[in-house]
Amino acid sequence: MIYPQNFEQKTGFDKVRRLISDKCLSPLGQERVAEMEFSADYTTVIERLEQTDEFVRILHGEVEFPASFFFDVRYSLKRIRPEGTWLDEKELFDLKRSLQTINDIVRFFRTEEDEEIAYPALTALAGDILVFPQLIGKIDSILDKFGKVKDNASPTLAQIRKEISSTMSGISRSLQSILRNAQSEGVVDKDVTPTMRDGRLMIPVAPAFKRKIKGIVHDESASGKTVFIEPEVVVEANNRVRELEGDERREIMKILTEFTNIVRPMVPDILQSYEFMADIDFIRAKALFAEQVKGIKPVVENVQQVDWARAVHPLLYLSLQKQNKQVIPLDITLDEKKRILIISGPNAGGKSVCLKTVGLLQYMMQCGLLIPLHESSRTGIFSSIFIDIGDEQSIENDLSTYSSHLTNMKYFVRNCNEKTIILIDEFGSGTEPQIGGAIAEALLDHFNRNRSFGVITTHYQNLKHFAEDTEGIVNGAMLYDRHLMQPLFKLSIGNPGSSFAVEIARKIGLPEDVIADASAKVGSDYIDMDKYLQDIVRDKRYWESKRQNIRQQEKKLEDITSRYEKDLEEVNRQRKEIMREAKAEAQRILAEANARIENTVREIKEAQAEKEQTKLARKALEEFKASVESAGEEDDKIARKMAKLQERKERKKQKQNTPAAKQIFNRDVIEVGDNVRLKGQVSAGTVMELQGKQAVVAFGMIKSTVKLEQLEKVSKGQIKKEIQKSTFVSSDTTDHMHEKKLNFKQEIDVRGMRGDEALQTVTYFIDDAIQVGASRVRILHGTGTGILRQLIRDYLHSVPGVRHYHDEHVQLGGAGITVVELD
């Protein structure tokens, strides 16, 4: 159910319908566009969407779709139902070409038995459509490639045309002879040729010489300077041609009538095939429109929901595209817990566009059109869409603006249910604000209790408070840049929006005393509340941005971890493969060695210990032994590398699974590798070698032999502590710096301070930032007249540790905040 009747005009769907109609190839498709309607049946909607989505894939495919001849011959087919009527040449030619197109389309979707169906929805649509190859062949035997009846369409027609041709040749020869004689006598000019007038060949002559040629004057030129004479010798021949042409027309009529008698019984089936052609033309136009607006087939579930990401109003997209501008997409969610969204915010901030986008895209989707949003979006099915937008006042019906709104509300209250989505613009406006707000709140409560879904725009505070305190309703705000004084056209769900009335009035140029007087009338609490609301929205945007950055970093870390695990698996696989090949090679070498040894022993025995033969056998065995040892060295290298990899892996596992066991430090026992120092000294060395009661100790680059009783053993931890104590920074200073790092905030607010006070505060802040090693800080100074901003930037320009400074992003404060990048 759609309400009101002019829903399509209110949402702009009538323009969408026109754009799709313009993409049709014939009136067949245009009729389907005009008949396109909203459906609440889930199966029907899915079928329509799949058909359109498949045709989008066809447009992107390599095989060209047959769309050459989409002719509407339904009127002609209906006209020939009475006996004695016939199709003329043009109608027959259009019938042949369009039937051939239908045949090509059906063949396009048919596949072999063992092939996968590429376009199941469209293939099902073409499944039982009749094609008429024999009829096409019959038309081909009658018409030539230009749509004219062939000479051999019948023996009689061939004879008539042959006689016409020979008669015309005779007439042409006679005229040429008469014309040459007239030219030689100077009656006509040299460049004159016979001319066809009213189907008869004639000679053009000047009026002064018309008596020179015997014949009939048939016509004269518009200027009167030329007359057209049919010589008397060709009059009979021309009359004969006229008779033959009449015979030709009658024969053609006979041929077409006979063929029409063949076609007449098939007309119902042919008309059914043309209905299929109309469907294809319609689906193709929808696919082309989807391509134009970047529409996709969304995830559609048989529930009531709106979970859209990056949704775009298609008409706004096309309009801004012509201006080389980008449209700002809409993210919106309506579900069982948050069914009704109350959108507030400044005028001209995009509230109505947001509402129209929801209404138009939902209506388009349930009409079977692909819609422009992100592929992760999920859509639902609503049985009813109600909209109240614009001014419906009527002098004829005695309706004011507010009365028309209340008339719509009466219909909404009576007909809304859990499968209805309600769209209301400027809810409660048009009457005295207090009572208008109260009625709007009561209506909102009724819609909520009926579990209806909705998107409602308003400026009323009581509706914002009601949404905050009521389950099923959620606040939303159209964002506004307070510093640049311009809307951002972005929807933020979760907090109510400010109307920014004071800021907009100041931007327009309303006198300051009027603004101050208005602010005093509503009270400072109201103004402050509005400012706090704006600050909350700004901070929310800031933290949303931070959270998004964290998500991106986490995703990057997951990708790196996954890649590392895959690489590790590949290394393990290669290691196993190398070990398998090494074992196989070792077995081969062992078998070959045994064979060589046995062969050598046999040769020695057979040579009966002859010295030369024994030497040769031993030499061959030695050479084989050398080759085995060299191969063994290579295998040892591989084995050592594999062993090292295995040790690393084992160490890693031990570190992950068990905490590292602390080594027991024994001060009395000195071993090679221990850290020692001379008793009473600070410098430590490393024990390189033990020689009885003496030890060789390396103090830096110097080695020295020292008695063990003169050395004392020290731990690595003790060495580190003593090194730290030997520096000039005390532990108190270190603790103080650590405390300062923990408590340092990367943002300072100097709004409201005098210039010198703000400059001193910024100086201390930048010094602290450099001390704690901060890389980036923010200074909130506001926009105002810009003097405070300039003072701060002049100071920053003189600080050596400052690498760069710039305005914050427009969504996070813009020119009211300076971001400082430190070395």
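R378 and E301 form a salt bridge (a side-chain nitrogen of Lys or Arg within 4 Å of a carboxyl oxygen of Asp or Glu), with their closest N and O atoms 3.3 Å apart. R378 lies in strand β10 (residues 378-379) and E301 in the loop between β6 (299-300) and β7, so the pair ties together parts that are 77 residues apart in sequence. This is a predicted model, in which local features need pLDDT of at least 70 and side-chain atom pairs count only at pLDDT 80 or more, while totals for chains, interfaces and linings use all residues. Residues are numbered from 1 along each chain as its sequence is written, and side-chain values use heavy atoms, with hydrogens and water left out.

**Exposure of the pair**
- R378 is partly exposed, at 30% relative accessible area, and E301 is partly exposed at 28%; buried means under 20%, exposed over 50%, and partly exposed in between (1.4 Å probe, protein chains only).

**Other salt bridges**
- The structure holds 37 salt bridges.
- E35 and R32 meet in a salt bridge of 3.9 Å, N to O.
- R32 is buried, with a relative accessible area of 15%.
- E31, R32, E35, D72, R74, E275 and D279 are linked in a network of salt bridges.
- R449 forms a salt bridge with D445, with the closest N and O atoms 3.2 Å apart.
- R449 is exposed, at 54% relative accessible area, whereas D445 is partly exposed, at 26%.

**Helix and strand terms**
- Helices (H or I, at least four residues) and strands (E, at least two) are DSSP runs, numbered from the N terminus.
- R449 and D445 both lie in helix α15 (residues 433-449), four residues apart.
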